[in-house]
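Visitor: Hi, could you walk me through this one? I'd like to start with the strands.
Guide: Happy to, here it is.

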Amino acid sequence: MQQRILQPGEIESLDKTSFPRILLPQVASLFAERAARLRQLSEGNPIADYLQFAAKIVDAQHAAVSKVELQALNTTDVARAQQHSMPLLPAAEHIDPAWHQVLNAMLDTLAGSEGLPEPLQPLIQSLRELSHEERDEIAQRLLEKEVAARHIGMAPFIMAALQVTYAKRAAALNAADVPYTDPASICPVCASEPVASVLRIGGKANGHRYLHCGTCCTEWHMVRVKCSHCESTAGIHYQTIEGSKDVITAETCDECGTYRKIVNQEKDPMAEPLADDLASLMLDLLMSESTTFKRASANPLLFVAVSQEQTESQDEALVDPAAE
């Protein structure tokens with residue numbers, strides 16, 4: 001008697017109590033909850049002004065998400081990705097023109113009476129004056145992890161508009177259609193890197209770790225005590241700031257020499273991956289001063305400026321767009 005070998009995903013489907021492998025973004029509430037968390041974390045924070053600035057951007061994301069209309073998915077691309085265990089829609093290869101509509105809506109919100117302060121209004125005007133071709137060029141470079149120094153101030157706004165577009169597209173997917181991918185350290189939907197990982201509470205996801213995509217906000221499961229960058233299970237350690245209640249820790253890997261933060265909802269149910277990662281900049285500074293570990297990936301609302309002349313061995317400088 002022959003027995004059929006179960007394929008990836010089929011074992012989980014046999015157990016109705018199994019935890020979800022993929023958590024798609026809930027765009028109706030995602031950005032509103034993130035903005036509220038940023039404001040909560042700004043109280044007494046050394047970078048309070050920046051967090052308030054970021055919260056304004058996320059407010060504008062929330063206002064724009066219901067207005068965007070996306071192109072229909074190319075089913076051929078999706079089928080090919082599923083067949084070859086590739087990310088469904090790699091972000092840099094699938095930029096929906098609707099992102100311009102999102103950016104314009106966000107700029108309208110940010111230019112209003114409840115928007116950004118007067119000193120930042122010229123930056124908004126500069127974004128308005130860019131042609132679609134210029135915007136697309138900057139967007140492409142951001143998605144490929146490149147950004148010219150002259151565009152640093154614009155980068156968080158452009159990335160935020162792209163994020164709305166990709167998150168809404170991801171939200172329309174069926175989680176069961178998202179393939180298993182190799183490596184498991186990149187988003188199975190858009191091939192971007194995670195901004196952080198999160199220990200979830202509530203429902204079937206309770207107690208499990210998920211990597212949170214910095215571009216489309218999809219989350220995918222990864223076991224604990226495993227490097228979220230190189231997938232090694234050896235030489236994993238944890239660093240935190242004394243007195244921080246361990247809500248957020250830096251998971252370091254001796255194998256690849258990188259770290260990525262873990263946000264623990266078991267310690268604070270309101271913890272949110274992107275917001276808590278951004279608000280814990282002091283942990284990044286301490287890591288850069290006291291260890292040799294490099295951050296595995298950036299936060300999409302805070303960019304690093306790297307000149308073309310710099311090599312991978314040189315240090316990257318954090319830049320505050322609000323200071324532009």
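Visitor: Which residue in strand 7 is the bridge partner of Leu199?
Guide: Asn264 is the bridge partner of Leu199. A word on the basis: this is a predicted model, where local features need pLDDT of at least 70 and side-chain atom pairs count only at pLDDT 80 or more, while totals for chains, interfaces and linings use all residues. Residues are numbered from 1 along each chain as its sequence is written, and side-chain values use heavy atoms, with hydrogens and water left out.

Visitor: In which sense do strand 2 and strand 7 pair?
Guide: Strand 2 (residues 194-199) runs parallel to strand 7, with three bridges. Strands here are DSSP runs of E with at least two residues, helices are runs of H or I with at least four, and both are numbered from the N terminus. Two strands pair if DSSP finds at least two bridges between them.

Visitor: And what about strand 6 and strand 7?
Guide: Strand 6 (residues 248-253) pairs with strand 7 in the antiparallel sense over five bridges, and Ile248 stands opposite Val263. In their hairpin, with four residues between the strands, Gly257 takes a positive phi near 75°.

Visitor: How many residues of strand 7 are buried?
Guide: Seven of the seven residues in strand 7 (residues 258-264) are buried. Buried means under 20% relative accessible area, exposed over 50%, and partly exposed in between, using a 1.4 Å probe and protein chains only. Thr258, Arg260, Ile262 and Asn264 point one way, and Tyr259, Lys261 and Val263 the other.

Visitor: Changing topic: how many salt bridges are there?
Guide: The whole structure has 16, counting a side-chain nitrogen of Lys or Arg within 4 Å of a carboxyl oxygen of Asp or Glu. One of them joins Arg37 and Asp276, with the closest N and O atoms 2.8 Å apart. Arg37 is in helix 2 (residues 27-42) and Asp276 in helix 9 (residues 273-279), 239 residues apart.

Visitor: Is Arg37 buried or exposed?
Guide: Arg37 counts as buried because its relative accessibility is 4%. Asp276 is buried too, at 5%.

Visitor: Last one: which residues touch the most other members of the largest nonpolar core?
Guide: Phe157 and Ile158 do, in a core of 77 residues. Helix 8 (residues 155-171) gives the most to this core, eleven residues. A nonpolar core is a set of buried Ala, Val, Leu, Ile, Met, Phe, Trp, Tyr and Cys residues joined through side-chain atoms within 4.5 Å.
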